[in-house]
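Notebook open, viewer open. I'm jotting down what I look up as I go.

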Amino acid sequence: MNQSQGFFKDIQISCLVVGWLLSNTASIILSFRVWGGQSMTDSAPSWFFYSAEMIHSLFLINHLGDIFLEKHWKSVISRSVCDYFFEAREKAVDPENVPPVLQTPHHYLISIYRGKLFFLSVIQTEVPPLFVIEFLHRVADTFQDYFGECSESVITDNLVIVYELLEEMLDNGFPLATESNVLKEMIRPPNILRSVVNTLTGGSNVGETLPQGQLSNIPWRRAGVKYANNEAYFDVTEEIDAIVDKSGTTVSAEIQGVIEACVKLSGMPDLTMSFMNPRLLDDVSFHPCVRFRRWESERVLSFIPPDGNFTLMTYHISSQNLVAIPVYVKQSINFFEAGSCGRLDITIGPKQTMGKTVEDLKVTIHMPKAVLNANLTATQGNYTYDCTTKMLVWDIGKLNPQKLPNLRGSLSMQTGVPNPEENPSLNIDLKIQQLAISGLKVSRLDMYGEKYKPFKGVKYVTKAGKFQVRT
Amino acid sequence: MQEWANQLCENRQFGSKMTDSKYFTTTKKGEIFELKAELNSDKKEKKKEAVKKVIASMTVGKDVSALFPDVVNCMQTDNLELKKLVYLYLMNYAKSQPDMAIMAVNTFVKDCEDPNPLIRALAVRTMGCIRVDKITEYLCEPLRKCLKDEDPYVRKTAAVCVAKLHDINAQLVEDQGFLDTLKDLISDSNPMVVANAVAALSEIAESHPNSNLMDLNPQTINKLLTALNECTEWGQIFILDCLANYTPRDDRESQSICERVTPRLSHANSAVVLSAVKVLMKFMEMLPKDLDYYGTLLKKLAPPLVTLLSAEPELQYVALRNINLIVQRRPEILKHEMKVFFVKYNDPIYVKLEKLDIMIRLASQANIAQVLAELKEYATEVDVDFVRKAVRAIGRCAIKVEQSAERCVSTLLDLIQTKVNYVVQEAIVVIKDIFRKYPNKYESVIATLCENLDSLDEPEARAAMIWIVGEYAERIDNADELLESFLEGFHDESTQVQLQLLTAIVKLFLKKPTETQELVQQVLSLATQDSDNPDLRDRGYIYWRLLSTDPVAAKEVVLAEKPLISEETDLIEPTLLEELICHIGTLASVYHKPPSAFVEGSRGVQHKRLPGSTESPDTTSAAAVSDAPPAVIPSQGDLLGDLLNLDLTPPTTTGPPPPASSENNLILPAIGAGFGAPPAAMPASFSAPVSGGLDDLFDLGGGVGMPMGAYSAPKTVWLPAMKAKGLEISGTFARRSGVIQMEMTLTNKAMSVMTDFAIQFNRNSFGLAPAGPLQVLTPLNPNQSIEVTLPLNTVGPVMKMEPLNNLQVAVKNNIDVFYFSCQYPISMLFVEDGKMERQVFLATWKDIPNDNEAQFQIKDCHLNAASNKLQGSNIFTIAKRTVDGQDMLYQSMKLTNGIWVLAEMRVQAGNPVYTVSTAACAYS
């Protein structure tokens, strides 16, 4: 007749004892609820109280859905929390399509997808999601930097270092040291030689002293840098993102530019980089080392560089008349109802190449499901068709303006299936050496603060980013 | 797990010998034992390797807590790496082994004095992460020293540690004066220390919203702005988020802050950029619009937002959700940037959908041609969800930009020609909306639509098509045939279609009464007699009666002119938008919900509002702070749609009209009708913990001069004005002379007079219901409050609620209907005749099975005072006796629904802790 359930806690509580009469049959359910009060000292359920953690836990998950690493910055959260993520993963079909922010009854899951791995963070409180995503990318970057790649095998091979790194990077949800220069002084990256030495001598891979850069006003640079050859090289890379429609008209076009630096200079060099045409740059983001005021007033980049490789600045050029489109594409892809076949004919030619050669030209087409096979002839390069992924890849190589490459032939289609409604888009890859397509040019690079004469160099390259031609 | 590890190990062993995977080679048998032996080895190197193995096991989720004492033994070492590894282990397992953890305290304290700052910082940091009370006690002294350490690295670590400690024991932090030290650190010479102090303080402030910790004044703001330039990117985020909470005194201060924040827009870290955008968006409100600087600022905001879209897709997603808010607030910022939102076919689907949303928001006469061309392109893509949304977007463009409507319609017709099933269906749904927006303009396409009648298999599309046929019945020659064909499978249709079909046929009848009498009778009988759906039956009966009593009135009702729909339907409501703008970059901005709505545990959320421009400084009314926010049922729009499902909305409605798709030509009695079904979808997180009930009841501490009579909690805000178009309701419950009363204060914070108040309860656990109407006889003027006491009875319908004492309430006034829920103290339900005979008590106590019993401990109360106070709340003391030096008090109480609760209170002499055992039984 009577049934009840309850749980009791030896805590200072507010409690609610309620008997609950369901119906006239006098069957009773007694429910006892125990709620936490104002005091924060008790062992109430961990999710109840405001938690100080920003990122509570991190799970690394491979493409098969196995969790192969977990790190908790506070109490241990059960792996079962990932089930919500797996559910979303299932629903998304492709791993790229998993929504980056998921809500569960007690937590939020914020994830990124990098190198076929999911970095899944569990958070409990209002926290800027961009903060978390940026941090996760920084973790992935650090792994890449330390181990040369960011993959499951390399991470499991270096579990202890990974764990030490994670602990060093985040303290109670506050990022602690995320600059690779600083981290490398605290935790040395693995290499075969040191491993051997460490094993023989009992040496350690943890720095014994506080990194100098950690607290100066230039946290990105370590002190006491010495090189026999002092050199500073800069790569200006521009990627063209464009959408070109059927008729060859540019729908949208923009340039994502980046200046990557490899600086190996002794001491505390202070560099200034100036451009021939700085007016091009109105949408920029800088490495923290760049003095923003100098840029605002004089349009020069003035900075004390970090040691080694780093991204000096990225920029974005969206005004369409500044974006040259280096190639044109003539294409026709048709599917015929009768005979269940299709025809494909693609020709590529140079458009605005500023007199340079287009290299590494490649066309990728994601074909509709119904296309079973492709029987084509290429006047230049090779093509492959993967009938499981439906990807047609035509690797052309160098573009010869005298003899334009052409790919044509027939497509065999599944019979009895209606014609595909969608038109496949063409994705173009290409590379142009010695050219920044926006016309950006570095005019000089000066060094102050040190007496030696460094080797300097600037290299330009233009690539296709997300360059799509619609059919 | 072990198998998995072994396997992993086999796979890896071939390749690299010098890697950590070697730590997995031990077999399951005796693994812990072997590790134990190694940990206790004399050789340092062996020890370190063993600890590494332990850590490796921990990372993959294995339980190695059994090794706790052995690992702790390795802690005293000169080897920094070993020390770090042991600390790592301690942080993970100290909580589960508190008694063992105390062994580590000495080493911690010693390490906090180490000459190496790295070790000092490491020790204080680790101690803060060990959430064990005994350790915490020892933390205070080292922490105090570290906060004043000469080395900034130690100070900055210590600053974070204060936040950690506060999370474990807030009182301790306050008592020890750490908060003041932390505030002093804002003036530290090192920017990193400042940033961490700010972060720690904001975090503490967030958990104690009323503590007024972050006392922001021009001086501190200046310090923060200086530190902003010099600290790390993460510190910049904390400082910017903190700045966003400040309200500048005037437009000049606002401008100078903006000027100093704008350089952050060029930061490589997107979180810094978005936080800077938040500060600027907020402070911009205070700038006069004719100021030159205002225009400059607007221009400066566009490029960084565009740049965010070239980042990784996850970042893009968050950025897009925020841009969605920004373009609603200030469309001018991005009006020329339409192209960056064009969709690339390899964008992840979540990015595609967001871009599409923003494209529509930015669509204007100037760019509509381009947008339409894009949308048409998208409608031929592969992904079904995306295609559907693209087709819908075309419809939304037509409604938004009148000049484009014709082009949109022809684009939709083109798409219908493709005969792709889901495209056709979506197109028909949006064409219905276009008809509603531009009546009598595009009806020429109806013929084309009718051709596709057979291919429609989704309820929404079928319903839309039926609506079109009914609405334009007079122009479609064979309308009766078409509708009749739907009628054949009436019972297999979804409710949506059934309702629509019913309405459409009635419309047809009113337009062509002669030919369709039979048809209308058929549908009315199908709806009223053969259907078990109450909505359908009700609507059928109403039509039936209308038609039979007064066909003219029926015509007026059914064929009345419908309100036009507008694009505003999908805009976020302005007050919510203002609040969300203040939360740019947070989870709230991603979910487009106010933070109070979904963040668990953030008690007492402060509703933020944009500062007014200097011309109208009404910022004082902004601070609607409440300690325990009552549960307010969200998204009125949806609920209105669900509950009332009104098409012909009351004319005075100021809020968004119900979604266009809930197109039902039916008037229901305004409020009562909705209560047939309980409000659906009450998010679980809404039941904010309210400490009421026995907590207050048993608050027996100060036993002197207690008033006799029932305890009644102070009033709390149940319905904040923000959620209810200016009506604020606060209230409490009381039991006075045997009557349960709901005491409410209604405050009108809106600009107009409120009248016609009414109240209803949803079904609830104890059948609480109003015993009379809400007595608000005079109209409520703006800024006026009125006290209302509503007597309640317990004879209403019963439904179990979660939590049990939850009560969902609807209040209506001349403006709208508002919903909220509150929790009543259970003591209200204790009836006056709850005193049980001693003998009966004894017998009953024995009869109640043990598992019906619950025990609690209460500290610091006085027995005699307690019994008096309890009696005031209808908890009756039956007997008192002393056994083995323990005082026992026996009590009984009875609930309104006849359940008896019996309690035994036990107090040990000299021990102020009371144990209460309660048991319950029922007499049917």
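This is a predicted model: local features need pLDDT of at least 70, side-chain atom pairs count only at pLDDT 80 or more; totals for chains, interfaces and linings use all residues.

**Entry 1: a loop residue in chain B.** I started with B:K419, which counts as partly exposed because its relative accessibility is 48%. I found B:K419 in the loop between helix 23 (405–417) and helix 24 (421–437) of chain B. For context, most residues other than glycine have a negative phi.

Entry 2: B:H592 sits in the loop between helix 33 (587–591) and helix 34 (595–598) of chain B. Buried or exposed, I wondered about B:H592? B:H592 has 15% relative accessibility, so it counts as buried.

**Entry 3: chain B overall.** I stepped back for the totals. Chain B has 38 helices and 14 strands. Of its 924 residues, 59% are buried. For contacts in chain B with a separation of 6 or more, I noted that 65% come from residues 24 or more positions apart. The chain exposes about 37000 Å², with carbon and sulfur atoms supplying 50% of that.

**Entry 4: helices 2 and 3 of chain B.** I looked at how helix 2 (residues 31–39) and helix 3 (residues 44–59) of chain B meet: their axes come within 8 Å and cross at roughly 145°. The crossing of helix 2 and helix 3 of chain B is left-handed. On the helix 2 side of chain B I listed B:E31, B:L35, B:E38 and B:L39, and these meet residues of helix 3 including B:K46, B:A50, B:V54 and B:S57. Sorted by class, this contact between helix 2 and helix 3 of chain B has 5 nonpolar, 1 polar and 5 charged residues.

**Entry 5: helices 15 and 17 of chain B.** Next pair. Helix 15 (residues 233–243) and helix 17 (residues 270–284) of chain B pack at an angle of about 20°, with axes 9 Å apart. Helix 15 and helix 17 of chain B are therefore roughly parallel to each other. Their crossing in chain B is left-handed. Helix 15 of chain B brings B:E233, B:Q236, B:I237, B:L240, B:D241 and B:L243 to the contact, and among the residues from helix 17 are B:V272, B:A276, B:V279 and B:F283. I count the classes for helix 15 with helix 17 of chain B as 8 nonpolar, 2 polar and 3 charged.

**Entry 6: over to chain A.** Chain A has 7 helices and 26 strands, and 57% of its 471 residues are buried. Among contacts in chain A between residues at least 6 apart in sequence, 66% join residues at least 24 apart. I put its accessible surface at about 19700 Å², 50% of it from carbon and sulfur atoms.

Entry 7: How many residues of helix 4 (residues 159–169) of chain A are buried? I got 11 of 11 for helix 4 of chain A, with A:Y163, A:E164, A:E167 and A:E168 among them. Then A:P418, in the loop between strand 23 (406–413) and strand 24 (426–433) of chain A. A:P418 counts as exposed because its relative accessibility is 59%. I also checked A:P418 against A:S340: 78 residues apart in sequence, 9.2 Å apart in space, C-alpha to C-alpha.

Definitions and conventions: Residues are numbered from 1 along each chain as its sequence is written. Chains are lettered from A and ligands numbered from 1 in the order in which they are written. Side-chain values use heavy atoms; hydrogens and water are left out. Helices (H or I, at least four residues) and strands (E, at least two) are DSSP runs, numbered from the N terminus. Buried means under 20% relative accessible area, exposed over 50%, partly exposed in between (1.4 Å probe, protein chains only). Contact means heavy atoms within 4.5 Å. Accessible areas come from the Shrake-Rupley method with a 1.4 Å probe; for residues, only the protein chains shown count as cover. Axes are lines fitted to C-alpha atoms, for helices over the stretch in contact, and angles run from 0 to 180 degrees between N-to-C directions. Angles under 35 degrees count as roughly parallel, over 145 as roughly antiparallel, 65 to 115 as roughly perpendicular and the rest as oblique. A crossing is left-handed if the near helix is turned anticlockwise from the far one by less than a right angle, and right-handed if clockwise. Ala, Val, Leu, Ile, Met, Phe, Trp, Tyr, Cys and Pro count as nonpolar, Asp, Glu, Lys and Arg as charged, and the others, Gly among them, as polar.
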